[in-house]
Amino acid sequence: MTSFLDPLISFVSAHAWLAYLTLFLAALLEAVPVVGSVVPGSTIILALSALVPGGDLKLQWVLLVAALGAVLGDGSAYWIGHRRQREILDTWPLTNYPRVVEESESFFNRFGTWAVFFARFVPPIRAFVPVTAGALGMAPVRFYAINIPAILVWAPAHVLPGVLAVSALHEYAGLHHHGHIGKHIWILSVVGVAIILGLAIWIIRRRQGGGVAAAKPRA
């Protein structure tokens with residue numbers, strides 16, 4: 001794994017714009033219905049945040065591109081739902097995910113406007129709540145009044161842990177600031193936790209009858 005990470009980190013250092021583009025797309029795709037439930041956007045952002053303390057990436061640009069990607073992704077999903085109303089919830093590919101659509105609608109009905117805020121931190125319904133908010137007639141002003149502050153909290157919450165963890169490893173564990181060991185530890189930890197959580201969620205949802213149920217035939 002180290003032999004894979006070293007060239008990757010070196011490549012990012014030489015082509016930082018590709019890393020920023022990756023962060024932007026990761027944040028954007030997380031908000032796309034269906035796609036966002038399988039794209040590990042949060043994992044990518046958490047992992048790449050390890051490259052900030054060494055200067056490979058700049059903190060302000062990482063936060064900016066992540067926030068912009070999330071705003072564009074959430075906003076696009078919301079406007080699709082707002083334009084097509086409830087019809088979008090009964091359209092492919094959402095019809096292939098009836099249980100998640102039902103959960104996102106229940107989540108929205110339970111928390112109201114605040115569902116848009118909370119959903120930013122709850123996969124996989126994070127990818128379904130914006131389009132659901134639009135489909136259920138939430139006003140644009142109300143949506144953005146909650147969505148943008150949520151993203152301004154979400155972005156630092158996904159970036160700063162890696163920055164602080166790697167900085168702490170350099171400061172208190174005696175690791176060389178320009179070495180890759182601290183970055184390796186953080187990236188491998190993030191990927192490992194993501195895999196464990198993903199498997200745990202898959203097993204739980206499978207035991208409950210499957211988080212992604214087959215589409216029900218319609219009359």
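The questions and answers below concern a predicted model of a single chain.

Q: What makes up the secondary structure of the chain?
A: The chain has nine helices and zero strands. Read along the sequence, the pattern is α-α-α-α-α-α-α-α-α.

Q: Why is Leu 63 called partly exposed?
A: The relative accessible area of Leu 63 is 23%. Buried means under 20% and exposed means over 50%, so Leu 63, at 23%, falls in between and is partly exposed. Leu 63 lies in helix H4, which spans residues 59–84.

Q: Which residues does Leu 63 contact, leaving aside its neighbours within four places in sequence?
A: Leu 63 is in contact with Ala 155, Pro 156 and Val 159. As for Phe 24, 39 residues apart from Leu 63 along the chain, the C-alpha atoms of the two are separated by 9.6 Å.

Q: Why are H2 and H3 called roughly antiparallel?
A: The axes of helix H2 (residues 16–29) and helix H3 (residues 41–48) cross at roughly 150°. Angles over 145 degrees count as roughly antiparallel, and therefore H2 is roughly antiparallel to H3. The two axes come within 8 Å, and the crossing of H2 and H3 is left-handed.

Q: Which residues form the contact of H2 with H3, and how many of them are nonpolar, polar or charged?
A: From H2, Ala 19, Thr 22, Leu 23, Ala 26 and Ala 27 meet Gly 41, Ile 44, Ile 45 and Leu 48 of H3. These residues divide into seven nonpolar, two polar and no charged.

Q: Which residues of the largest nonpolar core touch the most other members?
A: Among the 26 residues of this core, they are Leu 94, Val 116, Phe 128, Ala 133 and Met 138. At least two residues of the core come from each of H4, helix H5 (98–111), helix H6 (114–119), helix H7 (129–135) and helix H8 (140–172). A second, separate core has 23 residues, including Val 12, Tyr 20, Leu 48 and Leu 57.

Q: What does Leu 94 touch, not counting residues up to four places away in sequence?
A: Leu 94 touches Pro 33, Val 34, Ile 88, Leu 89, Val 101 and Phe 128.

Q: How many residues does the chain contain, and what percentage of them is buried?
A: The chain has 219 residues, and buried residues make up 42% of them.

Q: What share of the contacts with a separation of 6 or more joins residues 24 or more positions apart?
A: Such residues account for 76% of these contacts in the chain.

Definitions and conventions. Residues are numbered from 1 along each chain as its sequence is written. This is a predicted model: local features need pLDDT of at least 70, side-chain atom pairs count only at pLDDT 80 or more; totals for chains, interfaces and linings use all residues. Side-chain values use heavy atoms; hydrogens and water are left out. Helices (H or I, at least four residues) and strands (E, at least two) are DSSP runs, numbered from the N terminus. Buried means under 20% relative accessible area, exposed over 50%, partly exposed in between (1.4 Å probe, protein chains only). Contact means heavy atoms within 4.5 Å. A nonpolar core is a set of buried Ala, Val, Leu, Ile, Met, Phe, Trp, Tyr and Cys residues joined through side-chain atoms within 4.5 Å. Axes are lines fitted to C-alpha atoms, for helices over the stretch in contact, and angles run from 0 to 180 degrees between N-to-C directions. Angles under 35 degrees count as roughly parallel, over 145 as roughly antiparallel, 65 to 115 as roughly perpendicular and the rest as oblique. A crossing is left-handed if the near helix is turned anticlockwise from the far one by less than a right angle, and right-handed if clockwise. Ala, Val, Leu, Ile, Met, Phe, Trp, Tyr, Cys and Pro count as nonpolar, Asp, Glu, Lys and Arg as charged, and the others, Gly among them, as polar.
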